[in-house]
Amino acid sequence: MLVLFETAAGYAIFKVLNEAKLQEVDSLYKEFETPEKANKIVKLKHFEKFQDTTEALAAATALTEGKIGKSLKKVLKKVVAKDAHEQLAISDAKLGGVIKEKMDLSCVHNSTVAELMRCIRGQMENLITGLPPREISAMSLGLAHSLSRYKLKFSPDKVDTMIVQAISLLDDLDKELNNYIMRCREWYGWHFPELGKVVTDNLVYCKAVRKIGDRTNVAGSDLSEILPEEIEAEVKLAAEISMGTEVSEQDIGNIRHLCDQVIDITEYRTQLYDYLKNRMTAIAPNLTVMVGELVGARLISHAGSLLNLAKHPASTVQILGAEKALFRALKTRKDTPKYGLIYHASLVGQTSAKNKGKISRMLAAKAALAIRYDALGEDTNAEMGVENRAKLEIRLRHLEEKGIRRISGTGKAMAKADKYQHKSEVRIYDPSGDSTIPSTSKKRKFEEVEEAEEPVTPAVKSKKAKKQTVQEVVEEEVAEETPKKKKKKKDKKEEEAEVEEVAVIESTEKKKKKKKKKIKEEEEEEDDE
């Protein structure tokens, strides 16, 4: 029986000398306690050493995928084919099926073979001669690192450390440039203060100062290469009426030297930005498309590396850079921040204030996918980033236009909006607040109206008139005794009934008066006769 044993240094083929010992699986380890005992069981027949780590990585990846590599095929043809009648013990059953299919060799894989492999691994340094232990350990370590990179699909060419250093240097240069320019403007402002108001661009200002020197030289100097004609005319006019102090040539020399430093640093910053842009396009193309070079580089720098950034969820990417605000909000139980470094992305910047939170959340979700694709993917194109950015721009347009569709249902119908009704904000003066006297109650007003409507009737001697007046008094007393909580409808009915009764009483009184007049006239006529 032959044994195929894989190592980090190469393939080893062992010949089993005593197959009877393999039947005792439980006590097999005792036969490999010493190198002498082990050499009595198995003997090295051939060892095929790998030339470099690349070949070892190719062989290891082929074994993990259940394929036959070039070096393994070479070993099997050279050694095993000579003893084709013997069985080949292997550690992987899947690989055994492939070898049997392609090489037409009988392969064995069982618990006995697994125990034999474990015992050989324990005495590997003594069984494989001509290979020092130090070299085996070094090759094992190199293969382990290479295999780990391969499994993670991580290329060693993608060095994101340079991006971290470049963005940190870019921020430092910005701070130094700001300090230098402020100092230059203040220093030269004592001699020519009007120039700072006319020339606003910092780089152009430093170039102009270096060209002019003393303000008395403005009239004879040509600034057309630096400034437009209109601004050049303003500078020359301002130099004639300048109120600055006189300075020496030594002072002008130091100011010019400072201007040279500012110009050199500005040029280097431009060069560094181009370098950073190229590195970001090579290492994280999809992230660059989503958030831009500077924001992407700052996210990588904040996380430490692109791989560390890929481990963060989208919610962490969204608030990365706003840790102080987050913990302060959690401590004081207030609203947590909606964005961190991602706030400076162009998509968030062009959004209205009310939609910045929504867009930053969606952008962080898509950016997290882009980061993982860049860190762990095999492709180096930016197709996914371009596609996701287009989706975000469409979503942003919908939010800005308020064209949000219904989530439920078919999704085709537009969201219903309430009808707009203009409410005037013009207020009318309320005169009721002028008087402090309480207004009269409705009941009192009704009583006043009834008193005004009742006419003053003369006293009638007849019994019917007396009865009617008594009835009116009784009704008034009953009306006064009624509770205050009666409804308005009943009050109106009672008022109408009272008005009708008054009208009937007046009509009866008029008829009685006419009868009396007739009776008097008849009595007078009888007296005359």
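Tutor: A residue is buried when its relative accessible area is under 20%, exposed when over 50%, and partly exposed in between. Keep in mind that this model is predicted.

Student: Is Arg 215 buried or exposed?
Tutor: The relative accessible area of Arg 215 is 10%. The cut-off for buried is under 20%. Therefore Arg 215 is buried.

Student: Which residue forms a salt bridge with Arg 215?
Tutor: Side chains of opposite charge can pair when their charged atoms come close. Here the closest N and O atoms are 3.2 Å apart, and the residue paired with Arg 215 is Glu 246.

Student: How many residues apart in sequence are the parts that Glu 246 and Arg 215 tie together?
Tutor: Glu 246 is exposed, at 60% relative accessibility. Glu 246 sits in the loop between α11 and α12, while Arg 215 sits in the loop between α10 and α11. The pair therefore ties together parts separated in sequence by 31 residues.

Student: Which helix holds Asp 260, the salt-bridge partner of Arg 210?
Tutor: The closest N and O atoms of Arg 210 and Asp 260 are 3.1 Å apart. The pair links distant parts of the chain, 50 residues apart: Arg 210 is in helix α10, and Asp 260 is in helix α12.

Student: Why are Glu 115 and Arg 118 separated by about one helical turn?
Tutor: These two form a salt bridge, with the closest N and O atoms 2.7 Å apart. Glu 115 is buried at 17% relative accessibility, whereas Arg 118 is partly exposed at 48%. They are about one turn apart because their spacing in helix α5 is three residues.

Student: Which helix gives the largest share of the lining of the second largest pocket?
Tutor: That pocket holds about 160 Å³ of space. Its lining includes Thr 112, Val 113 and Leu 116. By class, the lining has five nonpolar, three polar and one charged residues. The largest share, three residues, comes from helix α5.

Student: What volume of space lies in the largest cavity?
Tutor: The search of the whole structure finds one cavity of 30 Å³ or more. Val 295, Arg 298, Leu 341 and His 344 line the largest cavity. Its lining divides into two nonpolar, one polar and one charged. The space in the largest cavity is about 40 Å³.

Student: What span should helix α2 have?
Tutor: Helix α2 has twelve residues, taken at 1.5 Å a residue. The expected span uses one less than the number of residues.

Technical notes. Residues are numbered from 1 along each chain as its sequence is written. This is a predicted model: local features need pLDDT of at least 70, side-chain atom pairs count only at pLDDT 80 or more; totals for chains, interfaces and linings use all residues. Side-chain values use heavy atoms; hydrogens and water are left out. On a 1 Å grid over the protein atoms alone, a cavity is a set of points where a 1.4 Å probe fits but cannot get out, and a pocket is an open set with protein on both sides within 12 Å along at least five of seven lines; lining residues have an atom within 4 Å of a point. Grid points are joined across faces, edges and corners, and a volume is the space filled by probe spheres set on the points. Ala, Val, Leu, Ile, Met, Phe, Trp, Tyr, Cys and Pro count as nonpolar, Asp, Glu, Lys and Arg as charged, and the others, Gly among them, as polar. Helices (H or I, at least four residues) and strands (E, at least two) are DSSP runs, numbered from the N terminus. A salt bridge is a side-chain nitrogen of Lys or Arg within 4 Å of a carboxyl oxygen of Asp or Glu. Buried means under 20% relative accessible area, exposed over 50%, partly exposed in between (1.4 Å probe, protein chains only).
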